[in-house]
Every structure is written in C-alpha cells, then in structure tokens.
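Reader: Could you walk me through the labels used for this one, and what each of them rests on?

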Amino acid sequence: MTINIRLAEKDDAESLVKLNDEFNGVGITVTHVTESIQNSNELIAIAEYDDSIVGFACAQSYASFCYNYLQGEITEMYVMEAFRRKGIAENLVAFLEERLKLQDVKSIKILTGISN
C-alpha cells in the first residue's frame, strides 16, 4: 500500500469536510475549509491512497513570551478506520514535524485524549 503525504490544497476541501465530519461531526463547510487552506498559517497535511484522502493532520506554529524560539503544536489527527494501524498517522506527524522545522520551530507538542 502506497500512501502519499502532502499539504492540502483548495481542491481537497470537499474530501476534508467529509473526513472532518467523521472525525468530530462539527459540520464545517467547503467554503470554510477552502478559506482556511488559502488564508491560514495552519498546516494541513493529508494522506492519499488511490487518489482518495484517507486521513489528515493539522499543525500550527506560534510565539510565546516564555521562549525565544517558535513553538509548534499538532492540533488534529484523523485516519479513516479502514486505514488505521498502517503507519499513516506516524507519517503525517513526521511530515508536519519537517514542515514546522522549515518554519524554524524548535519545539513541537501534541496532545491526545485518554482513549488515544
């Protein structure tokens, strides 16, 4: 199984809406996702298999007065159930870590729920 990891583009918005609905059921719109992809400093990484998006992860960088360097946080992660336990989440995290390093982020955190 070959999985491609890349940054999301505006043409991915419809697929991301569907995956996000599976993830948290918030009910975001294609317009909201498209605007976020185009206008936000958030990194949205997607995992593709056979031209279908099967997972995503999001990260942000930020400055804090407590540190003299940028911080990073991986804020969201979702992989479709049929594609779990295949290393996709690990690859999404590695991809985002590399992208954050390119932004000169020195420390990255990820918070998870108890069931994760």
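Author: Here is how the labels come about, one at a time.
This is a predicted model, where local features need pLDDT of at least 70, side-chain atom pairs count only at pLDDT 80 or more, and totals for chains, interfaces and linings use all residues. Residues are numbered from 1 along each chain as its sequence is written, and side-chain values use heavy atoms, with hydrogens and water left out.

Reader: What makes up the pattern of the protein chain, read along the sequence?

Author: The pattern runs β-α-α-β-β-β-α-β, with three helices and five strands in the protein chain. Those are DSSP runs numbered from the N terminus: helices are H or I with at least four residues, strands are E with at least two.

Reader: Why is D12 called buried?

Author: Buried means under 20% relative accessible area, exposed over 50%, and partly exposed in between (1.4 Å probe, protein chains only). D12 has 7% relative accessibility, so it counts as buried. In the protein chain, buried residues make up 34% of the 116 residues.

Reader: And what makes the link between the side chains of D12 and R6 a polar contact?

Author: A polar contact is a pair of N or O atoms within 3.5 Å; within protein, one must be able to donate a hydrogen and the other to accept it, and residues adjacent in sequence count only if both atoms are side-chain atoms. The side chains of D12 and R6 are joined at 2.8 Å. D12 itself is in the loop between β1 (4-7) and α1 (13-24). Contact means heavy atoms within 4.5 Å, and beyond residues up to four places away in sequence, D12 touches R6, L7, I46 and I53.

Reader: Is A47 buried or exposed, and how do you know?

Author: A47 is at 0% relative accessibility, so it counts as buried. A47 is found in strand β2 (residues 43-49). Among the residues A47 touches, leaving out those up to four places away in sequence, are I3, I5, I53, I88 and L92.

Reader: Why does S61 get its burial label?

Author: S61 comes out at 16% relative accessibility, so it counts as buried. This residue of strand β3 has a side-chain polar contact of 2.9 Å with the side chain of Q103. Setting aside neighbours within four places in sequence, S61 is in contact with N41, Q71, G72, L100, Q103 and V105.

Reader: What is the phi of D50, and where is D50 placed?

Author: Most residues other than glycine have a negative phi. D50 is not a glycine, yet its phi is positive, about 50°. Its place is in the loop between β2 and β3 (52-62). With 62% relative accessibility, D50 counts as exposed.

Reader: How do you know whether R85 is buried or exposed?

Author: R85 has 88% relative accessibility, so R85 counts as exposed. R85 lies in the loop between β4 (70-79) and α3 (88-102). Its phi is near 65°, a positive value in a residue other than glycine.
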